[in-house]
Each structure stands twice: as C-alpha cells, then as structure tokens.
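Here are a few exercises to work through with the model open beside you. Try each task before you read its solution.

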Amino acid sequence: MKILVTGAKGFLGKNLIAELKARKITDIFEYDIDSSEEELVKACKEAEFVFHLAGVNRPKETSEFMEGNFGFTNTLLKLLKKYNNKAPIMISSSIQAELDNLYGISKKAGEDLMFEYGEANDVEVLVYRFQNIFGKWSRPNYNSAVATFCYNISRGLDIMISDPMVVVNLVYIDDVVKELINALKGNPTREASFCKVTTSYQVTLAELTKIIYSFKEENTKLLVPDLKNGFVKKLYATYLSFLPKEAFSYNLKMNVDNRGSFTEFLKTDDKGQVSVNISKPGIVKGNHWHHTKCEKFLVVAGCGVIRFREIHSSEVIEIYVSGDVLEVVNIMPGYTHNIENLGDSDLVTIMWASEAFDPNNPDTYFLEV
C-alpha cells in the first residue's frame, strides 16, 4: 500500500512513520512544509491511504491558523479530486474544534471541508478530534504542556502554572499511533461522525507536575515509579525522552571497604530493591538473618558458595554458584546465611530484597552460619 503522510516531520508524523517502517511498510510519501509541489502532486496521484497530519498549533501570525489548518487541507483535497483518487483520508483535528477560538475555528473549518469532500466524492473520511497528545519527539512550548514540563524539569528550569487545579485531557502517542494503524487496516474506532483514541487520561496540572518532579528525584533516591499505573508508565517514558545528554547516566553511591563493595541500584515502594555486591577473593559476607525480609541472589561473575542454616538447627546447606551458570538462589526468612568468594577474582552478585532498606527497621540480625 502506498501511503501519504502530511506533516511527516511533526510530532505525530514522526511517530507514525517510525511505526509504519517498523512494520515493513516503506512505500510512504513523506510530505512536509519543505517538500515540493511536485512531490505532493505525485503523492495525490498514487496514494492509497492518506494520513493528513499537517497543521498549525502556534503560528507567528494568527492568519496562519486558517492558512495551515484550512487552506492546505483545501489544496490537498483539490489535488486528490483532480486525479480522481478515492483513497480513504484521515485528518488530525482537535477537541478545540468545539471552542470559539482562532485555532478551534480553523480546525472546525478543516473538519467541515473534509466531511463535505467525503460526501460529495464518495470517499471514506476519518476525522479524529485528538486531545492533548504526549510522548517522545514532541516539542516543548509547542505540542503540549507535558512536553514543556518534561523539558524544563529535566533541566532544572522553572515551570509556570496559572491554575494548578486545571484538569487536562491527555492521550499517549503510542495509543494514537495504534489507533491510526487500526484505521489503516479498516478498523477505526468511531463515535458518531468522529473517530477517537479509546485510552485517555484526565489529570490536574498539580498532579501532573508532581509526578514529573518525582522522576527527577530518581538519580538521588533510586526510586522506580509505579509502572503498573499505565499513565505513570507512559509519562515516565516521555520524561526520559527529554533527558539532556549529560543526564543519560548518573553515579551510584558505592559503599567500599577492604572486603569489596555494596551498591544500591533500584528501589520501589512495593517491590523491594536491587543492589550489586562485590566480594574480594576469600571474603565472606553476610552471617545474618531476617524475620520477614526475603532475598534472591544471582552471581554474574566469579565463583563462590552461599551457605544457609535455619537458626534453630545445626545443619548447614551449601549452594555453589558461578557466573558461568546463572542460577537464582532464594534467601529465606529465618535462615542465617552468608556468601563466600572461592575464586581468585571478584565475586559479583545481583541481590534483590523484598523491601527497600530501612535503617530504622533493618530486620537484619547477626548470627554466624
């Protein structure tokens, strides 16, 4: 199938085209403001489906609203009609088409033109009134407040909010693209005369910025957000896409002594924490037990032995471990345990604990195995 995408270099266009190409759909006419008239004519002759995503959000002159959101739509439809192209056409509109502002009026005009074209020429038209779209490759101070907040907060810049209790309606870029792929396959989600993205989110600006600021604290608190919350998961991915290059990595606090080191890596509120333990040759670490805390050890380099003893028993259980064979070892409550490096190189162990370490309630009691 030959596909025309207008606004190809925009936020939605880049994401859609990336997904189309990932699906091995490569016969794409990518049209944008710097494309030639000849390219548009060729696309309008040959396209078998049209994604009309081009538009103007924040022009320098208010007259550009109608020029960009109505004028170009008119040009596009005239060309399709001229070459008798009956390809289905999707247009990216906005919920603001319901409002009496210059942007909304221009979007509504584009919608009306599209409906008239479809009826007059027996062409399927798909009009999507999108809510605020957020996600990777969006532009701060242009596409959405989410883009601006993520950009500024990730760089330590101030943000401005006139009313923190304003509720914003949001849709995620991947959900939008998924819906557009469904439309391409002939299965759009319709609601009366319009089409829609089924998954959306409503959040106050206060809550939105609170969540984004919590991502900023990850480097110091090591906390991973609540990724079972779909909105938080998508917002976190968006935030990371805005990180400046100098923030792509960050150092961890290594607790180093003559035995090796112990470094906390990740923490969660409900799924414990992950740490990295390095033991020098001949070193024994541990010799303690827990009431409730449980752990999993995974040796990824070196070789050693993990020993257990139920605290009321004299029987010692030994499990030999090596980075050559990745094996998860459960550390059970009520068993004192240790790990000894039997090799001549560092023993590196990934350690998961069922709760983040709390110095006020460590649940850790010294006892030799």
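**Exercise 1: a strand pair and its sheet**

Task: find how strand 12 and strand 13 are joined.

Solution: Strand 12 (residues 260–267) and strand 13 (residues 273–279) run antiparallel, with seven bridges joining them. Strands here are DSSP runs (E, at least two residues), numbered from the N terminus, and two strands pair if DSSP finds at least two bridges between them. Next, zoom out to the open sheet of six strands, which pairs antiparallel in the order 11-12-13-20-15-18. Its edge strands, pairing on one side only, are strand 11 (254–257) and strand 18 (328–331).

A quick note on the source: this is a predicted model, where local features need pLDDT of at least 70 and side-chain atom pairs count only at pLDDT 80 or more, while totals for chains, interfaces and linings use all residues. Residues are numbered from 1 along each chain as its sequence is written, and side-chain values use heavy atoms, leaving out hydrogens and water.

**Exercise 2: strand 5**

Solution: Finally, look at the neighbour: strand 4 (residues 89–94) pairs with strand 5 in the parallel sense over six bridges, and Met90 has Leu126 as its bridge partner.

Technical notes. Helices (H or I, at least four residues) and strands (E, at least two) are DSSP runs, numbered from the N terminus.
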